Amino acid sequence: MLDLSRLRALHAVSVHGSVAAAAAALGYTPSAVSQQIAKLERETRTTLLERRGRGVALTDEARHLADTAQELLAIVERAETTLEERRGLPSGVLRVAAFASAARGLLPGVLADLAGRHPALDVRLTEVDPHLSVDLVARGVTDLAVAHDWDIAPLPAPEGVEQAVIGDDRCELVVPEDHPFTTRRVIRRADLGGQRWVCQPPGRVCHDWLVRTLRTAGFEPDIAHVAEENHTVVALVAAGLGVAVVPRLGTGRLPAGAVAVPLEPAPVRRLYALWRTGAARRPAITEAVRTLREHWPRVAQEAPLPGDGASVPRPAGAAPQ
């Protein structure tokens with residue numbers, strides 16, 4: 001009889017690509033995941049992981065077993081959903097994935113609210129890239145994801161994954177305090193040529209939006225500095241090293257030396273909650289989505305950068321029933 005927890009560990013390694021990443025997603029230590037895999041190898045009398053450089057790779061047998069594990073985990077999820085639905089109360093473990101600024105600016109209040117109202121519910125958060133999180137939901141690695149898209153990059157929702165709109169996060173143009181833009185009432189995209197930019201790395205939606213927007217306006221972007229975190233981006237702007245487009249959510253108040261100026265039309269990214277169709281009836285999913293949408297207007301009102309009013313979310317779609 002194969003142990004389900006060991007199959008879950010193998011499946012996580014298959015999805016995340018390494019023992020360390022699988023451990024982070026599961027909330028275990030890397031040694032605990034390695035021990036689970038070693039026990040599974042002894043049970044199956046099969047080599048599942050092979051050393052490749054500093055990492056590991058799944059053998060062909062392991063990939064077949066991981067596919068089977070995904071099917072078994074889906075069956076277990078349906079059983080757990082049915083039981084929780086019959087109880088009528090959110091309970092059990094709810095694994096949530098969220099992108100960085102949502103994990104910082106939205107999720108702390110949501111998780112605290114859920115913990116206070118539903119003590120039988122154990123919510124566990126992992127910070128991940130928004131487009132990676134969709135695949136994690138589809139594969140059953142996480143139960144609920146908070147992700148976003150921009151007008152140039154619609155969020156993919158594969159078959160078997162449902163979504164609801166949480167709200168809209170408006171972005172601002174942030175410039176050094178002595179920049180000529182600070183004397184203007186409004187900045188249009190046609191005015192953005194000739195600037196040195198601070199931006200997130202290539203492959204990120206923010207980076208792709210900036211490059212496409214400037215090229216559409218007839219400018220080749222001069223990206224002088226690249227940083228992962230919005231706080232680092234803002235710090236570089238405050239030091240006078242460039243300008244940046246920064247979302248309000250999770251950024252907080254600007255430091256001395258940085259000023260937000262209105263950019264029209266303002267870039268807007270839309271936030272979504274995503275979950276598997278098979279788990280839509282689970283009370284934990286329903287309650288988490290409801291709480292996310294309940295908190296969003298307050299978070300959007302409390303998180304404006306200096307220089308403009310609060311963001312007003314567009315009406316959101318229906319939460320799971």
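Which residue in β4 stands opposite A97? T126 in β4 stands opposite A97.

This is a predicted model, in which local features need pLDDT of at least 70, side-chain atom pairs count only at pLDDT 80 or more, and totals for chains, interfaces and linings use all residues. Residues are numbered from 1 along each chain as its sequence is written, and side-chain values use heavy atoms, with hydrogens and water left out.

View 1. Strand β3 spans residues 92-98. Helices (H or I, at least four residues) and strands (E, at least two) are DSSP runs, numbered from the N terminus. Five of the seven residues in β3 are buried, so the strand counts as mostly covered. Here buried means under 20% relative accessible area, exposed means over 50%, and partly exposed lies in between (1.4 Å probe, protein chains only). β3 and β4 (residues 121-127) run parallel and are joined by seven bridges. Two strands pair if DSSP finds at least two bridges between them. β3 also pairs with β5 (residues 144-149), again in the parallel sense, over three bridges. In that pairing, A98 stands opposite V146.

**View 2. Strand β10 is covered on both faces.** In a regular strand, side chains alternate between the two faces of the sheet. β10 covers residues 244-247. A244 and V246 lie on one side, V245 and P247 on the other, and all four are buried. β10 pairs with β6 (residues 161-176) in the antiparallel sense, over four bridges. Look for C171, which stands opposite P247 in β10.

View 3. The side chains of E264 and R170 meet in a salt bridge, at 3.0 Å from N to O. This pair links distant parts of the chain: E264 sits in strand β12 (residues 263-264) and R170 in strand β6, 94 residues apart. A salt bridge is a side-chain nitrogen of Lys or Arg within 4 Å of a carboxyl oxygen of Asp or Glu. E264 has 29% relative accessibility, so E264 counts as partly exposed. E264 also takes part in a cis peptide bond with P265, with omega about -5 degrees. P265 lies in the loop between β12 and β13 (268-276).

View 4. A search of the whole structure finds 19 salt bridges. One of them joins R117 to D113, with the closest N and O atoms 2.6 Å apart. Why are these two about one helical turn apart? R117 and D113 are four residues apart in helix α6 (residues 107-117), which means about one helical turn lies between them. R117 is partly exposed, at 34% relative accessibility. The network of salt bridges links D113, R117, E287, R290 and E294.

**View 5. D122 meets R124.** These two residues form a salt bridge, and their closest N and O atoms are 2.9 Å apart. Both partners count as partly exposed: D122 has 28% relative accessibility, and R124 has 44%.

**View 6. A nonpolar patch lies on the surface.** L4, L72 and I75 make up the patch, with about 220 Å² of accessible area together. Patches are made of residues with over 30% relative accessible area and no salt bridge; like charges are joined within 9 Å, and nonpolar side chains (Val, Leu, Ile, Met, Phe, Trp, Tyr) within 5 Å. Accessible areas come from the Shrake-Rupley method with a 1.4 Å probe; for residues, only the protein chains shown count as cover. L72 belongs to helix α4 (residues 60-87). At 34% relative accessibility, L72 is partly exposed.

View 7. R45 lies in the loop between α3 (30-44) and β1 (49-52). Phi of R45 is near 55 degrees, a positive value in a residue other than glycine. Is R45 buried or exposed? R45 is exposed, because its relative accessibility is 77%. P158 lies in the loop between β5 and β6. P158 is partly exposed, with a relative accessible area of 34%. Leaving out residues up to four places away in sequence, P158 touches V134 and A138. Contact means heavy atoms within 4.5 Å. The C-alpha atoms of P158 and V146 are 15 Å apart, with the two residues twelve apart along the chain.

View 8. The mean pLDDT of the chain is 85, and 93% of its residues reach 70 or more. pLDDT is the predictor's confidence in each residue, from 0 to 100. Over residues 307-321, pLDDT stays under 50. For these residues, the model has 38 contacts beyond four places in sequence.
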